[in-house]
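Dear colleague,

I am handing over the structure we spoke about, and it is shown just below.

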Amino acid sequence: AIFFNTQRLDRVREPKIRQALALAIPKEELAKELYQGGVVVMENPFLALASGPVSPQKPGLEEARQIIQEIQNQENEVWEKQKKKLKKGSPPPPPPEIKITLTASNSPGQTQLAEKIISAWKGIGVTAELRQVESGKIKKDIIKPRDYEALLFSVKAGPLPDPFQFWHSSQREWPGLNLSMFSNIEADKI
């Protein structure tokens, strides 16, 4: 799973950006190529609940590119207006970009997967970087302090998966596994 730390990076608070990033990843293709189909591709945050599997989402590269392009066009318009308001001789602000760092363990399987995800994100116009961490240090150095923008982290669900640990506000701090830092009082009541 990829967990976006919404408290660390403003960009991933924007639903459209998260949507584009998700659409860009060819999940079924990667499951077959890297895991010989031995993993379950999840299309929603509620694991494989009793309602049954969710039909796979097709990678939507064109839709993802379009979303990113629309966001970039809007931001470039604002940027151009800001440049015009500058006093003569003042340096212009840097041009806007959609940039994200994916943190993953340095194990061979995670590295391969992370590199393919980075490639997919770059393919839709996102500036993406990979930050690798020793497998044995990911929980202590990355998850515990919530030190990531996006985290590629394997999740093993039991026979009756319970999304509580991933989505309840009380699980946002260590040792909880609400790695997206999601917080919603109404959702907590469910």
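The structure holds 12 salt bridges, where a salt bridge is a side-chain nitrogen of Lys or Arg within 4 Å of a carboxyl oxygen of Asp or Glu. Please bear in mind that this is a predicted model, in which local features need pLDDT of at least 70 and side-chain atom pairs count only at pLDDT 80 or more, while totals for chains, interfaces and linings use all residues. Residues are numbered from 1 along each chain as its sequence is written, and side-chain values use heavy atoms, with hydrogens and water left out.

One of these bridges joins the side chains of Asp 10 and Arg 13, at 2.6 Å from N to O. Asp 10 is exposed, with a relative accessible area of 52%, whereas Arg 13 is partly exposed at 40%; here buried means under 20% relative accessible area, exposed over 50%, and partly exposed in between, with a 1.4 Å probe and protein chains only. Lys 140 and Asp 141 also form a salt bridge, with their closest N and O atoms 3.3 Å apart, and in this pair Lys 140 is exposed at 59% while Asp 141 is partly exposed at 29%. In the bridge between Lys 189 and Glu 186, the closest N and O atoms are 3.3 Å apart; Lys 189 is exposed at 62%, and Glu 186 is exposed at 53%.

Along the sequence they follow the pattern β-α-α-α-β-α-β-α-β-α-α.

Helix 3, residues 61–84, has 24 residues and reaches 34 Å from its first C-alpha to its last, close to the expected 34 Å, the expected span being 1.5 Å times one less than the number of residues. Its buried residues are Ala 64, Ile 67, Ile 68, Ile 71, Gln 72 and Trp 79, and the buried residues of helix 3 pack against helix 1 (15–24).

For the chain as a whole, 35% of the 190 residues count as buried. Among contacts (heavy atoms within 4.5 Å) between residues at least 6 apart in sequence, 67% join residues at least 24 apart.

Note on methods
Helix = DSSP H or I, 4+ residues; strand = E, 2+ residues; numbered from the N terminus.
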